[in-house]
Amino acid sequence: MLARNLSLPSNAARAARALLNARRLQIDLGVVERNDGPHYFAVVAGTGFDAQLMADTGLQAKRRWKSVAYLARAATSLSTIHSVPHRVIVDGTAHEIRAAMLLVLNCGKLSPGFLNLRRGLAPDDGWLDIVALDADGAFQGVSAVVELLLGGESKGRRVWWARGRAIRVEVPDGAARPVQLDGEVIGSTPFEARLLSSGLSVLVGPGFKAHR
């Protein structure tokens, strides 16, 4: 996922050629502090439906099928999607929302390839963006995804956006939900994500447009 956000091809041979014309850039990172120390993410942290999919998808299926394994499980699990109350504290301001899935984004392009969220959301923009989808059942779940893809610039009926540099996510009813960082489950709610501005030096492809 990170390579795509840096305008680098996913194919190894093409990526090697692209690196011949690549340039160095400082991008942001997100960090989540857990009992065992800091955990970092370059693309996305999340809780809810997506994190549960990742927790339920076997390691062998992930290695063999990659994003296809998640899509297959998502298709069979969509009827079980449901929202619960969340408290999201963004730079000290609390928001009470309902969400079936909540993502803290450092990048705007997610797997699979057609998920390209919110214009201007980039790994060097100095912000973490938060998006929450409110849905119960398969029909509302599909509606929320369509709204996200077609109207990602503003808050809508089923999609909620915010932006900040320190984000705490709580599930007040006490039902802990899994938390994933860049596809790896690292624990459960609550969690707090913090921006590390210019925290990582990378090579970006010729097509990458810097935002700083």
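**Exercise 1.** Which residues make the nonpolar surface patch of about 420 Å²? Keep in mind, as you look, that this is a predicted model.

*Solution.* Start with the patch itself: Val142, Val145, Val146, Leu149 and Leu150 make up this nonpolar area of about 420 Å². Finally, check its accessibility. Leu150 has a relative accessible area of 74%, and the cut-off for exposed is over 50%, so Leu150 counts as exposed.

**Exercise 2.** Is Asp125 buried or exposed, and which backbone nitrogen does its side chain reach at 3.2 Å?

*Solution.* First find the residue: Asp125 sits in the loop that runs between strand 8 (115-116) and strand 9 (128-133). Then turn to accessibility. The relative accessible area of Asp125 is 16%, and buried means under 20%, so Asp125 is buried. Now follow the side chain. The side chain of Asp125 reaches the backbone nitrogen of Ala122 at 3.2 Å. A polar atom of the Asp125 side chain also lies 3.0 Å from the backbone nitrogen of Trp127.

**Exercise 3.** Where does Gly207 lie, and what distance separates its C-alpha atom from that of Leu8?

*Solution.* Begin with position: Gly207 is found in the segment after strand 14 (191-204). With a relative accessible area of 60%, Gly207 is exposed. To finish, compare chain and space: Gly207 and Leu8 are 199 residues apart along the chain, while 8.3 Å separates their C-alpha atoms.

Definitions and conventions
Residues are numbered from 1 along each chain as its sequence is written. This is a predicted model: local features need pLDDT of at least 70, side-chain atom pairs count only at pLDDT 80 or more; totals for chains, interfaces and linings use all residues. Side-chain values use heavy atoms; hydrogens and water are left out. Helices (H or I, at least four residues) and strands (E, at least two) are DSSP runs, numbered from the N terminus. Buried means under 20% relative accessible area, exposed over 50%, partly exposed in between (1.4 Å probe, protein chains only). A polar contact is a pair of N or O atoms within 3.5 Å; within protein, one must be able to donate a hydrogen and the other to accept it, and residues adjacent in sequence count only if both atoms are side-chain atoms. Patches are made of residues with over 30% relative accessible area and no salt bridge: like charges are joined within 9 Å, nonpolar side chains (Val, Leu, Ile, Met, Phe, Trp, Tyr) within 5 Å. Accessible areas come from the Shrake-Rupley method with a 1.4 Å probe; for residues, only the protein chains shown count as cover. A salt bridge is a side-chain nitrogen of Lys or Arg within 4 Å of a carboxyl oxygen of Asp or Glu.
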